[in-house]
Amino acid sequence: MEALKIITVGSLMTANPVAIRPETTLIEAANLLSKKHFNGLPVVDKNGVAIGIVTDHDFLTKGSAIHLPTFVKLLEGFPMYRNDDLAVSGGIKKIMEMRVKDIMNPEPFTLFEDATVEEGLRAFAEHHRVNPILIVDRNKKLRGILSRHDIIKMFGGPASLTQSTEVSGRPIDQNVNNLLSDFKAHFLVVSKTRTRYWFLWDVLFAVVGFLIAFALIVQF
């Protein structure tokens, strides 16, 4: 471990990382995580001070086991749900108006740039759900991020599975669960195959009804 003490996390970190503000919408944050394949996004204030972190784990709503970005993308494909007067519409609006500050961890784990790799290894070992770690200066301004992948790259191994800090009792979980309940109460979701069968039966019954009516008319 002597060699590791010489290397600092500042030499391994990703410098000048993409960061978001607490007012950023959840949709924007989710798109960034998805498109950039990030484990998490640091949250900073207007002065660049690290004030939180949001990870893909934070988008997993508790109680419903649903991945919020995927759920929202599905809902966006049904604009009528957003425009009608049903309770479902209100639930969707609540979720889409939520901000990063509603789900972020406001007490992110941080290390200074001059912290040793040994300290970084210890941090990941003792805090299994922390990934990435925010690297800050003495004024808490964000300087970079350090992920498990950054550490493991040094040893030439595969990236580990990502986990993140769990935040419980959040409004987003309640909003999604309420929306799911309203959705189930107002709509029936069926497969395309089943709807095709229903359509064919409707057409068949319509044709049979027309023929019966025509036969009765001819008889008279």
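A salt bridge is taken here as a side-chain nitrogen of Lys or Arg within 4 Å of a carboxyl oxygen of Asp or Glu. The structure is a predicted model, in which local features need pLDDT of at least 70 and side-chain atom pairs count only at pLDDT 80 or more, while totals for chains, interfaces and linings use all residues. Residues are numbered from 1 along each chain as its sequence is written, and side-chain values use heavy atoms, with hydrogens and water left out.

A search of the whole structure gives three salt bridges. In one of them, the side chains of D114 and R138 meet at 3.3 Å, N to O. This pair links distant parts of the chain, with D114 in the loop between β6 and α6 and R138 in the loop between β7 and β8, 24 residues apart. Helices (H or I, at least four residues) and strands (E, at least two) are DSSP runs numbered from the N terminus. Accessibility is classed by relative accessible area as buried (under 20%), exposed (over 50%) or partly exposed (in between), using a 1.4 Å probe and protein chains only. With a relative accessible area of 49%, D114 is partly exposed, whereas R138, with 56%, is exposed.

R143 forms a salt bridge with E113, and the closest N and O atoms are 3.2 Å apart. Because R143 lies in strand β8 and E113 in the loop between β6 and α6 (117-126), the pair ties together parts that are 30 residues apart in sequence. Both residues are classed as partly exposed, R143 at 40% relative accessibility and E113 at 28%.

The salt bridge between R122 and E118 has its closest N and O atoms 3.9 Å apart. These two residues lie four residues apart in helix α6 and are therefore separated by about one helical turn. R122 is partly exposed, with a relative accessible area of 41%, and E118, at 19% relative accessibility, counts as buried.

Four strands form an open sheet in the order β1-β8-β7-β6, with mixed pairing. Strands β1 (14-15) and β6 (110-112) stand at the edges with a single partner strand each, so one side of each is left without a neighbour in the sheet. Two strands are counted as paired if DSSP finds at least two bridges between them. Strands of a sheet pair through backbone hydrogen bonds, either parallel or antiparallel. Between β6 and β7 (residues 133-136), which run parallel, there are three bridges; T110 has L134 in β7 as its bridge partner.

Strand β8 (residues 142-146) contains G144, which is buried at 0% relative accessibility. Leaving aside residues up to four places away in sequence, G144 touches M13, T14, A15, N16, P17, I133, L134 and I135, a contact being heavy atoms within 4.5 Å. G144 and G10 are separated by 134 residues in sequence and by 7.8 Å in space, C-alpha to C-alpha.

Confidence is given as pLDDT, the predictor's confidence in each residue, from 0 to 100. The chain averages a pLDDT of 74, and 54% of the residues score at least 70. Among the elements of the chain, β7 has the highest mean pLDDT (97) and helix α4 (residues 79-83) the lowest (49). Over residues 157-168 the pLDDT is below 50, and this stretch has 34 contacts in the model beyond near neighbours in sequence.
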